[in-house]
2 protein chains.
Amino acid sequence: MDIERSPLARPFPNAPQIAGVTPRVTRAGYKDWGRCDLTYIELSEGTSVAGVFTRNVCCSSEVELGRQNVKAGHARALVVNAGNSNAFTGYRGREAVEQIMAQVAEHLGCAPEDVFVSSTGVIGVPLPKDKAREGVANAFAAAECSWEDAANAIGTTDTFTKGAVASAMIGETKINLVGIIKGSGMIAPDMATMLGYIFTDAAVDSAFLQDLLTASSDTSFNCITVDSDTSTSDTVLAFATGKAGNAPLCSFDDAGADAFAAALNDICRQLSHLVVRDGEGAQKFIAVSVSGAVSDESARRVGLAIANSPLVKTAIAGEDANWGRVVMAVGKAGEPADRDKLSIGFGGVWAARQGLPLADYDETPVTEHLRGKDISIEVDLGLGDGRATVWTCDLTHGYISINADYRS
Amino acid sequence: MDIERSPLARPFPNAPQIAGVTPRVTRAGYKDWGRCDLTYIELSEGTSVAGVFTRNVCCSSEVELGRQNVKAGHARALVVNAGNSNAFTGYRGREAVEQIMAQVAEHLGCAPEDVFVSSTGVIGVPLPKDKAREGVANAFAAAECSWEDAANAIGTTDTFTKGAVASAMIGETKINLVGIIKGSGMIAPDMATMLGYIFTDAAVDSAFLQDLLTASSDTSFNCITVDSDTSTSDTVLAFATGKAGNAPLCSFDDAGADAFAAALNDICRQLSHLVVRDGEGAQKFIAVSVSGAVSDESARRVGLAIANSPLVKTAIAGEDANWGRVVMAVGKAGEPADRDKLSIGFGGVWAARQGLPLADYDETPVTEHLRGKDISIEVDLGLGDGRATVWTCDLTHGYISINADYRS
């Protein structure tokens, strides 16, 4: 089945080289395809690392080892395998990951724990060790590639190549960030997985980098949903080489820390939105903004209940300002809400306020808004100051075609 | 849009009259349609009542009042309006319900609190009081109707009429139960709602009836899902007239209580399955059986995570034994699970055991099973003795057509 490029796609940005980061791609042949499927990214000595990982308890060995190794805070290389997720493969899967870590460690003269590995693709089939070994060896000899090549090679069922850039001034030093990400959907029997990597030449202490990445993820990667399903391999890693030469950032007391945090936030937000824009069958990008909740976390949960509701998502696909389905989704979220204080709008126009349909509600501008590709749903719970925005896409025939019809 | 009768439909059963219960239907004209849309069921004096209601916090006035009135434990009448759910209509909606309660109470010479009202259909439009008043008055004068007529009149977007029967011996007395239910899907801007009513001639104390109904619901109505969305009006009520003449059941110590409980369980199970069989776009009825969980409740949650997973549901629609998606759904349930103890099967054939794909897995019988209409998924978590079964349907193009394409 050919999947068309998402109508919500964004062009790959002009991404600068990041000092201390050398991406290379090669073909390990994990599947019978002609494309590069092994990405090897070398990081200079002294690179700090932070990571966030799937909460799925049936996670892959890559996730288990990554979660463990990120605690030490330093990294020398990243290897990403595409075409085989190595999930649900028991000890044999773990051996394959450990083999890659050892091979790269020997090559670089570093500890195996400094080598991070991700895999995405078919599950239940152990990553073939011979192909991995040969692929990694070839990667050592490959020429440095562009960010777009790397972003392409980590992709699986993505319909477009995803990258983002940001920058900040730390004192007199300009630092750059480049991010690449994959994730969109699945084709049998591959599992949709979000793998994201952020590289910066800034010098950032790994503990502080972890704090910042965790906080940024809470308002980006943890606020997107395509279909409420959570991969067993989702991973986001941030690497900071320090080659820009700024005084290392260790806390928000350091000059430039706010600027760096803002840039990291920005790139996480951009990357997360790109995944939604490639959601299976997506025709519309939907921002759900919830205010008036008892807390930000409560607002986020209400937002996700709306964003995960098949009835809300199909209504948007049908370009219908069906605020009743939004009411329903708010009510089922399991969070504090009061029917008679609830307000709901689309594209900045209130359809219902304080529990009642607006008497003078004019559907014309709302209908116009819903015909577009970028949709907003606003919900005010009228209870407190908590607020959050989550992002999703609509639920269309394309989703069913991709996920159910692949055998026909 | 014409919706075809579900391929999973069941015929309406031969339902006996229940002594003390008189159903009548009439046309209130809540929508511009030619069908009966008001159901009035009179209950003899001394009828006890129990109820379970939606947990959606944005519930309708009907639910608020029903939840309050059921505590007194007695009932004289039930009124069900179809075509207007009266949800999200503030004080005006509440006035309409109170008007119906008062009108029936005056007619029967009972307290308004003995009159139960449900409404289903469009939301955000207060139930028109004039149509309700005239409809109720007409219902008083209408002839007694069949159970099938009543089940038809409470329906909205249902593609078939749903009823179930059961019986039990209490000592030397045979008691009967008849149940009717509606719920299936939605057509803009109507909201899917499950309304179920069970009538028995058994004499059952209302507190005991409530205990039994709550317990039965936990393994029936609370174990089904079509799309994870929860209506603001869902209601199940059980009425016991006592006309069979058995010694009233007050606890499990009473002779025949077990038999009655089993019959109530049976009818709740049947009714809940009928709703799944009419799920929007459903082509397959899916039973998800989870064993080896740390508790029954944990097993139920894992089962619902699987049953609500769009990826699992589309895989079944595609007749694909995609156990990887089941692994993913188990892992995201938020319940204790161990990847390396997990076993997954379809139609009684294990595909993966203890965390690994079976080496001698023969897909042929599984493929055959998945081509049928009644599908089973088995999951053994390998942790404890907790078990549960939940029921759902597949996710197909029909769901999208019903919920997104109605404007085209």
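Contact here means heavy atoms within 4.5 Å. The structure is a predicted model, in which local features need pLDDT of at least 70, side-chain atom pairs count only at pLDDT 80 or more, and totals for chains, interfaces and linings use all residues. Residues are numbered from 1 along each chain as its sequence is written, chains are lettered from A and ligands numbered from 1 in the order in which they are written, and side-chain values use heavy atoms, with hydrogens and water left out.

Thr225(B) touches Leu304(B), Ala307(B), Asn308(B), Lys313(B), Trp391(B), Thr392(B) and Cys393(B), not counting residues up to four places away in sequence. Thr225(B) sits in the loop between α5 (206-218) and β9 (235-240) of chain B. Helices (H or I, at least four residues) and strands (E, at least two) are DSSP runs, numbered from the N terminus. The relative accessible area of Thr225(B) is 8%, so the residue is buried. Buried means under 20% relative accessible area, exposed over 50%, and partly exposed in between (1.4 Å probe, protein chains only). The side chains of Thr225(B) and Asn308(B) make a polar contact (2.5 Å). A polar contact is a pair of N or O atoms within 3.5 Å; within protein, one must be able to donate a hydrogen and the other to accept it, and residues adjacent in sequence count only if both atoms are side-chain atoms.

In chain A, the "binding site" annotation of an unreviewed UniProt entry covers Thr156(A), Lys182(A), Thr193(A), Glu280(A), Asn403(A) and Ser408(A). UniProt positions are given in the numbering used here, feature names are shortened, and annotations may be inferred rather than shown by experiment. Lys182(A) belongs to strand β7 (residues 173-182) of chain A. Lys182(A) is buried, at a relative accessible area of 1%. Beyond its neighbours within four places in sequence, Lys182(A) is in contact with residues including Thr156(A), Asp158(A), Thr193(A) and Val275(A). Its side chain makes a polar contact with that of Thr120(A) (2.8 Å).

Over all chains, the structure holds 28 salt bridges. A salt bridge is a side-chain nitrogen of Lys or Arg within 4 Å of a carboxyl oxygen of Asp or Glu. One of them joins Lys162(A) and Asp278(A), with the closest N and O atoms 2.7 Å apart. Lys162(A) is in strand β6 (residues 162-170) and Asp278(A) in the loop between α6 (257-277) and β10 (285-293) of chain A, 116 residues apart. Lys162(A) is buried at 1% relative accessibility, and Asp278(A) is buried at 3%. In chain B, Lys162(B) and Asp278(B) also meet in a salt bridge (2.6 Å, N to O). Both Lys162(B) and Asp278(B) are buried.

Chain A and chain B bury about 5,000 Å² between them, 60% of it on carbon and sulfur atoms. Buried area is the accessible area (1.4 Å probe) that two parts lose on being put together, summed over both. The contact takes 62 residues from chain A and 62 residues from chain B. Nine residue pairs are in polar contact across the interface (both at pLDDT 80 or more). On the side of chain A that touches chain B, the largest share, eight residues, comes from α9(A). Two salt bridges are counted between the chains. Glu64(A) forms a salt bridge with Arg339(B), at 3.6 Å between the closest N and O atoms. A network of salt bridges links Glu64(A), Arg94(A), Glu98(A), Arg339(B) and Asp340(B).
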